[in-house]
Every structure is written in structure tokens, then in C-alpha cells.
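Thanks for coming, everyone. Let me put the structure up, and then we will walk through it.

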Amino acid sequence: ILLLCVSGMRAETARYSVPEEAERGSFVANIAKDLGLTGEELLARQARLVPEGEKQYFQLNQHTGDLVVREQMDREELCGQSEPCLVRFEVLLESPLQSFRAEVRLMDINDHAPVFLNKEIVLKISESTVPGTRFLLESAHDPDVGNNSLQHYSISSNEYFLVYTRRRSDGRRYAELVLDRALDREQQAEVAFSITAVDGGTPPRSGTALIRVVVLDINDNIPVFTQSLYKVSVLENSSQDAIVVVVSASDLDSGTNGEIVYSIVQNSEENFETFKINPETGQIRLKKPLDYEETKTYEIDVQASDGGGLSTHCKVEVQVKDVNDNAPEVIITSLTSTLSEAAPPNTVVALFNVRDRDSGDNGRTTCELTGEQPFRITLLAADAYALVTSETLDREQVEEYNVTVQARDEGSPALSVSKTLLLRLLDVNDNAPTFTQAIYTMVMSENEPAGRSLGRLSATDPDAGENARVRYALVPPLTGTLAAASFVSVDAESGTVRSLRPLDYEKVPAFEVTVRAADGGSPPLSAQAVLRVIVRDENDNAPVLLHPAPDGSAAGELVPRWAPSGYLVAKVVAVDADAGQNAWLSYELAKATEPGLFRVGLHSGEVRTARAVTERDAARQRLIVLVRDRGQPSRSATATLAVALVDDFSDAFHQLGRDPASGEQPQVAEEEMLTTYLIASLVCVSSLFLLSVLVLTANTLCKARVRAELSPPSPSCYADGEFASDGVGVTGTLSPAYRYEMCLTSGSGRSEFQFLRPVLP
């Protein structure tokens, strides 16, 4: 793009001409033809004119390529006496960006006639003046230039004077009056005639003034200047009323004929407005400040006249010296106010020119950017520059730039000017959304109804507009995995997570899903995060009894009457499917035949005797143990135990077979009968097993041991470890395994159980 822009800047300048005061719409030239383009191409490339100054004097027809006058122009108003008078502008084309320089020369027309500043010119000439003497006359002023400017002077017919037209160094013409015949005051005291200034226009224009020549008496000495030419230099920033030069003349005459009066011969209106002279001292001062950019040189004619009317002239050349009083100007010809952040380096942002009205070093300029920014300036042609990008841009770091272009001249002191360009960056989708957390953890209650809000996901995208609009969605699970996406939903706009159905903690204690956040760019960018949902347990499960079995029948237990306090009767085992505090179980004795006889471990569920068993205690005891969890509200279950207080094993069958209370329900009797059957079966199996062991061991040892123990019968039990015990592993709240040790009396003819006692490992 930069190469195209540089190649589009043509070094040559197209030149045209048009008469001044041309009517609006007057044809100047066909720019399309000069550029080698058609009207359609001009229109397609949006051709336009960029004037050098603030005012647009020409207009371009984009359909035909014709350059026409937009506003009438007065050459004298625009350029004064400067020649040639040029109006410069640039033709700017786009796609690709090209610029062509052009200038139109305003051709002068003869629209001004010469004018004398004074309609009456009075000359005082001594009668002793010899023929051939020359007198400088006031010049007429004609603002036209070239052939249309003042060309010659003529005077009306008279007997004494002739007029000659002279040319100055700057090309302007002035009149010299020459005495052709000696004057005689006695014959004619005053001579009057007219002078006419004629220009070279077609038709010519002219201006006339009256010359009155007053003939003076003899004064034979004229003033004499010390120099015929004074050359001075004045700085353009000199203040008003500053002294330019002092001219000096002397006269050998005495009296009034020797008194000299200085004056400036008004040869131009510009000199009259700029300079003044002290008639007594000859000091020439400034009436107004000078401007080097408007006029560089002044030529002043000074006249010294004595009291006798004699005069002489000298010339003063004033050279205006340039000072650095004009700051550079930055003129923007093309500006791109918005730029994509994806624009590559060397992308053209703006075209501009730098102009300084000063000259020399004061008019030479340099251009630079202030601050550290990703831009640089490229020189295209003389005083023409391009602002281009120097590196890649990122809208997420800087959304807009205030690019300050500073132009500085090389004067002393240097002057500078700054122009700020606002450039906004357009966003492209170059950033994916970012979640605030990699893993989101949310909690929902068990059995919570559908539609309840669990929390909110949040993802941000540093892009702008649609590129920053984030939408949320669940990532579909892999085939064969738990369809956790059916448990929750995510709001696409807000990221709010809601439950879709109630969950059971005992089945789904927790689950994870993957959430995607995608922006609205094209193509869209996305990011993923993990959503972990923990199901909070609710107390929705009552304790479940493992022992005794929850089949509605009471469990039967045997307790010897000699059992001391703390004797282990049974253990109630229960589990709760809930978790945490909802699964913490406590046991308590809800109801008993004799409440003071038994107690239950609060956390172990062990039923023990609270005191020693006495003969007064009923042989049949019925206990109801309440198992309660710690949930809110708590849930509970009950276990029923039937306890038989027995003296020996044979009595156990008798006690288990009768009803201790006449008022018991038939169902309780059935439960006790079943317990009796179970105990009887256990006794039979155990007896057979022990009998087999006794036969296999030494029969002699057994007989001796029987004889020794006949008289007081005492229990003899097998030592720990002689029987292989089958422990039942219990999980949850179950205590370690139990086994029962069985003892028989050697003197019992019925081989009955003496007692049953659980033994901890």
C-alpha cells in the first residue's frame, strides 16, 4: 500500500491558466484527459480537489473531468504586483490513494486604469533653471501587471516642458519632466498643463493629473545629498516608528534659500503607507511593521528642497531581512479516522503537507511524532509526508490513539506547530473468552426441585461488540458416560446454572460437566471450564436394622440369673443410607419390662445389664430399643428383644416355652416359640459336635475327668481357640465379629447347656 501511495505522488506539476475575473463555471482544463483517466474512473476513485489555502476557487466535475471556475478571482487582490500569480491545489484520488499537484496561473486583464495619488502636482522651478534640467514627477499607480500596467506618460502641449518615461530596476515606469525652454517669470509666472499616464491594455486605459509649475525667483544653489543612493537593511520584525535611515543634504545658499525641507516623492501607494520622513532631520521611519513574505524590497525617492524652491533627489533602497516569524503549517490532505487492529505494518493512515512562509533556514522544516506510538512518518516528496503504522496494533491494549505530528523549522529560535490526529481501532475477533475459574464448584440439596438456581458461571472476552458477546453451553458428554448434562442446564446469556430434576444423594453424590463459553465473532472462539456439582445429603432415609432382623419378630436372648452388672445381653446393629450427621446413629431403651434392669450403649447399641440379676426379676423380659439418627428432622427405627432369665440350659426351653405374662399378645408368644426352636436346634447341633469330639479323644481321659467332677458339678468349658469361629464382617456401624462359647456340665445326664455367653475377640 505504501509503495502504491509513493508511486502515486507525481513529482511534476500540471499547469493551467485562466483570465482573472472569469465567470463562475468557466472552463479551465480537462484534468481527466491530462491524468489519462475517464470520467467513470474519476467518479469511482472519488476524485477531489485539495486547495493550498483555505479557499477553494476551482471545482472538478467528476463525470466529465472538467476543471471549472468556482468563484471569481481578482488577480490584484490575490497576488498584488507579484507575477506570475499562481493558485495551487492538489487532485486527490482514492483506491489506490494518489495525489497530483496542479497550479493555475491567473492571467491579468486590463481592469484598472493608472491613477495619480494627487490630482494636482505643484512644481516650483526657478527662472534661472537651464534648459535640459530634469524634474522627477509623482508616478501614477496601476495595479495591473505586464502589458496592462503603466507603459508611458505624456503631457499636454506647452512651450516649456517635455516628458520622458523611465524604467526602474523593478520594471515600473516613472516620468521625468524636462525643461525644454528657459523660464521667464516676468513673462509667465505659472505654467499649467496636464500629464497623462497610459497603460498597454487593449483598449488602453489612462489617468490624468494637473501640473502647475510656479516660477521662482533666482536661487542659484540647489541642495546636494551626501549620497545619491542609500542602501539599508531592516528586519521585518522592526517595531512601528523605528528609524530606517537618515538622509542628509546641504545647500550653500543662506537664509531661506539654504533651509532644506525633506519629503518622500510618492511614487507608490505602498511606500506612502509604509514610510514617513521628518521634513527637518531627514529621518525615515516606519509607519507600520514590515512583512518579508509580502514585500522583500522597497525603493524610496527622497526630495530635498531649499527655501528658494530648488530641490534635488536621492534614492533609498530598503532590503527587508527575513526573521523566523511564521510557524510551520500542517495541512492534512487525507485522514483515515478508523483502522482495523489487524492492519499490517506500513499501512497509510494519513497524508499531509508542511508549509512555512519564511525563507532560507527559517523556511526549512522537519516533521516528527511526539511520544512512543506504533506509527512513523515517511517523506513522499518535498514537504509531503505520509503517516504509516510501524508495527502491529492491538485494540485490547489501546483502543484509540491521539497521534501528535510536530513540524519544526530551522530558524533561530525555532518555531514549531503540533497537530493531533484521532485514530480509533476497529476490533477483530482475536481473543477467546476466559473463565474466571478453571473449576466451578456448586452445591445442590438432595431432592431439590427442578429449576432452582445453583450459581452463575462467568467468562470475559477483551474484544468489543459481537466479538465480546459470550454465550454459554454444556459440552455433550462422551458416548457411554454418565449423562450428567441431563441434571443441570446453563443459561446461554447469563451463565446461570439451574437444576433440571431432583437428585438422590445415595445414587448421585456428585457429578461433573464441561461448560463451553463461545464469543460471537466469525469464526467464533471458545474456552472450556469444569462445573462440579456436589449433592448435599438430606435426611431422607430412616435407620435400617441388621440385627435383630427387621422381620417383625422379637429376637430371643438368654441371660443367666447369676449375670453381674454390665453383662452383655445382645447388640443391636443398624445402618443408615444417608451420610454425615444424617447417618450418625444413637441407641436408647424405649421400653422394657423392668426399665432398671437393662441399659443400651448410646453409640454402640450394646444391651447390657444395668445391675445384677436377682431372683425377683421376671424370667421373661421384653425390650424395645429405639435407633435414631441425627438428621433434622431425625428418623428412627425400633428393635424388639425377648430376654429369658434362666438358671441352666434345660430351664431355658422351659422358660422360652411359657408365657410369663398372661396378658401378652399371641404374636409375642409365637415369636418366643420360634426363638425356643432356634435355641433347641442350636443345642442339638452343638451336642452332636461335642459328642463326636469326646469319642475321638481319649475315652479313658474323659472317664477320669467325669469321676473327678461328679460330686460338685462344675462347668468345664473348652478353651479359647478350640472351636473355629465364623465371624460375620459388618460394615458401617457394625461392631467387630462375635462368637459364642458353649459349656457343658460333665455330670449332666441330659447334656444340657449350663449357660450361653458372648465372648469378644
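**The disulfide and the strands**

I start with Cys-79 and Cys-85: they form a disulfide, with 1.9 Å between their sulfur atoms. Keep in mind that this is a predicted model. The link between Cys-79 and Cys-85 is right-handed, with 65 degrees about the S-S bond. Are Cys-79 and Cys-85 buried or exposed? Both are buried. How many disulfides does a search of the whole structure find? One.

Two other cysteines, then. Cys-367 has a relative accessible area of 17%, so it is buried, the cut-off being under 20%. Cys-684 sits at 49% relative accessibility, so it counts as partly exposed; exposed would need over 50%.

Now the whole protein. It has 761 residues, and 42% of them count as buried. Secondary structure: eight helices and 54 strands. Take the contacts between residues at least 6 apart in sequence; 67% of these join residues at least 24 apart. The accessible surface is about 39200 Å², and carbon and sulfur atoms account for 51% of that.

Next, strand 25, residues 311–321. Which way does strand 18 run against strand 25? Parallel: strand 18, residues 229–235, is joined to strand 25 by seven bridges. Here Tyr-230 stands opposite Val-316 of strand 25.

Strand 24, residues 297–305, also pairs with strand 25, in the antiparallel sense, over nine bridges. Look at Tyr-298: it stands opposite Val-318 in strand 25. Strands 24 and 25 make a hairpin with five residues between them. In that hairpin, Gly-309 takes a positive phi near 95 degrees.

Conventions: Residues numbered from 1 in each chain as written. Predicted model: local features only at pLDDT ≥ 70, side-chain atom pairs only at ≥ 80, totals over all residues. Heavy atoms only, no water. Helix = DSSP H or I, 4+ residues; strand = E, 2+ residues; numbered from the N terminus. Buried < 20%, exposed > 50% of the residue type's maximum accessible area, 1.4 Å probe, protein only. Contact = heavy atoms within 4.5 Å. Areas by Shrake-Rupley, 256 points an atom, 1.4 Å probe, with all protein chains shown as cover. Pairing = 2+ DSSP bridges. Disulfide = S-S within 2.5 Å.
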